[in-house]
Amino acid sequence: MDSRSLVPSVPSLALPIAHMRSVFQPQDVERRLAKLPEREHEHLRSTYERMLERGPERFQVKPSGIPEMASLYAQLPNFSEVLDDVRRHVALAQDSRDGLEVTPMLLLGPPGIGKTHFARKLAELLGTGMSLVPMNSMTAGWLLSGASSQWKGSKPGKVFEALVDGQYANPVIVVDEIDKAGADAQYDPLGALYNLLEHDTAQSFVDEFAEVAIDASQVIWITTANDERAIPEPIRNRMNVFEIDAPSPEAARQIARNLYASIRAEHDWGRLLAPELADDVIELLSGLAPRDMRRALMTGFGNARLAQRDQVRVEDLPRVGATGRGKIGFVQ
């Protein structure tokens, strides 16, 4: 499927390079639409009509240079190895017309350590969109690949939606808690990944609902898991596996500082609060998983404002354990 330049590379600017890439062939859609019975499959008919109306071209973006990632290394100190890998892939795509190809990755680590947050930050860094596919409560095989239009209530899968309904040919798709995917004898929720994680076969991925070939070869795949033993070996072998450790005590304190600053900057009410946290508050927060830090801080912000103070105090935070999982443990 073809691609052509949309925005020229300007090395002196921190702008993404964008190309347009076709994610499907309109003639394939027209053929499928022409074969539909007059008064049947209205959902499928509207899907084909929407595809033709929007057209096949989507933005394929990549950074115009190797991005400055110091802030990400500071925010996500326990993801340094993964960030190093991303920088290598970005470097390969520079000074060429090639798109950015990132080897699918599996992030292994305890809950709440920031794996999904990392994926969101990566999508922001690369200038593309992100779709989250939570597998912890899903058992149907059509979650990624769609369900046949012959079934009542059927619909396209998440990959089709991200590429056809989205803006990008190379979105970040996060398969969250892949080790929690349920399966029965008839349906395998991960079955589509055998083709989607291979570049060559992903170029002609067929969603079972639309039955039209989609180019999913540029998708940036991130999967997360707590236990790799529950993931089929052929799927693990298609990915780079990174074990994400809990942050060291000092790194955890820095995460707390960064999180406080980012939440404060994102809200207008942040201007009413002090620019920095007290040391005893940082120490208490550093014993929590990053996910729980955010919840604790939001409680702290609210309690500080109720007391008409500009400083979050230890007593403003929830008791340890009330935020969820409590302490995460540290790498010494």
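The protein has 13 helices and ten strands, where helices (H or I, at least four residues) and strands (E, at least two) are DSSP runs numbered from the N terminus. This is a predicted model, in which local features need pLDDT of at least 70 and side-chain atom pairs count only at pLDDT 80 or more, while totals for chains, interfaces and linings use all residues. Residues are numbered from 1 along each chain as its sequence is written, and side-chain values use heavy atoms, with hydrogens and water left out.

**Overall picture**

- Of the 332 residues of the protein, 46% count as buried; buried means under 20% relative accessible area, exposed means over 50%, and partly exposed lies in between, with a 1.4 Å probe and protein chains only.
- Among contacts in the protein with a separation of 6 or more, 74% come from residues 24 or more positions apart; a contact means heavy atoms within 4.5 Å.

**The nonpolar cores**

- The largest nonpolar core has 41 residues; such a core is a set of buried Ala, Val, Leu, Ile, Met, Phe, Trp, Tyr and Cys residues joined through side-chain atoms within 4.5 Å.
- Tyr48, Met51, Val159, Ile178, Leu193 and Trp221 have the most contacts inside this core.
- Helices and strands both contribute: H1 (26-35), H2 (42-54), H6 (142-145), H7 (158-165) and H8 (193-196), together with E4 (105-108), E6 (172-176) and E9 (220-225), each supply at least two of its residues.
- Helix H7 gives the most to this core, with five residues.
- Another core, of 27 residues, lies apart from this one and includes Leu76, Met105, Leu107 and Ala119.
- As background, nonpolar side chains tend to be buried together in soluble globular proteins.

**Helix H2 against helix H7**

- The axes of H2 and H7 come within 11 Å and cross at roughly 35°; axes are lines fitted to C-alpha atoms, for helices over the stretch in contact, and angles run from 0 to 180 degrees between N-to-C directions.
- On the H2 side, Thr47, Arg50, Met51 and Arg54 meet Phe160, Val164 and Asp165 of H7.
- By class, this contact of H2 with H7 has three nonpolar, one polar and three charged residues; Ala, Val, Leu, Ile, Met, Phe, Trp, Tyr, Cys and Pro count as nonpolar, Asp, Glu, Lys and Arg as charged, and the others, Gly among them, as polar.
- Met51 touches Phe24, Val29, Phe160, Val164, Val212 and Ile214, leaving aside residues up to four places away in sequence.
- Thr47, also found in helix H2, is buried, with a relative accessible area of 0%.
- With residues up to four places away in sequence left out, Thr47 touches Phe160 and Phe209.

**Helix H4 against helix H5**

- Helix H4 (residues 80-93) and helix H5 (residues 115-126) have axes that come within 12 Å and cross at roughly 25°.
- H4 and H5 are therefore roughly parallel to each other; angles under 35 degrees count as roughly parallel, over 145 as roughly antiparallel, 65 to 115 as roughly perpendicular and the rest as oblique.
- H4 passes H5 in a right-handed crossing; a crossing is right-handed if the near helix is turned clockwise from the far one by less than a right angle, and left-handed if anticlockwise.
- Val82, Leu83, Val86 and Val90 in H4 meet Phe118, Leu122, Leu125 and Leu126 in H5.
- The residues of this contact of H4 with H5 are eight nonpolar, no polar and no charged.

**Helix H11 against helix H13**

- H11 and H13 pack at an angle of about 50°, their axes being 10 Å apart.
- That angle makes H11 oblique to H13.
- Here too the crossing is right-handed as H11 passes H13.
- From H11, Ala252, Ile255, Ala256, Leu259, Tyr260, Ile263 and Glu266 meet Pro290, Met293, Arg294, Leu297, Met298 and Phe301 of H13.
- The contact of H11 with H13 divides into eleven nonpolar, no polar and two charged residues.

**Residues worth a look**

- Glu177, in the loop between E6 and H8, has a phi near 55°, a positive value in a residue other than glycine.
- Glu177 is partly exposed, with a relative accessible area of 22%.
- Gln308, in the segment after helix H13 (290-306), also has a positive phi, near 55°.
- Gln308 is exposed, with a relative accessible area of 71%.
- For context, most residues other than glycine have a negative phi.
- Asp245 sits in the loop between strand E10 (240-243) and helix H11 (249-266) and counts as partly exposed at 46% relative accessibility.
- The C-alpha atoms of Asp245 and Phe79 are separated by 8.4 Å, although these residues are 166 residues apart along the chain.
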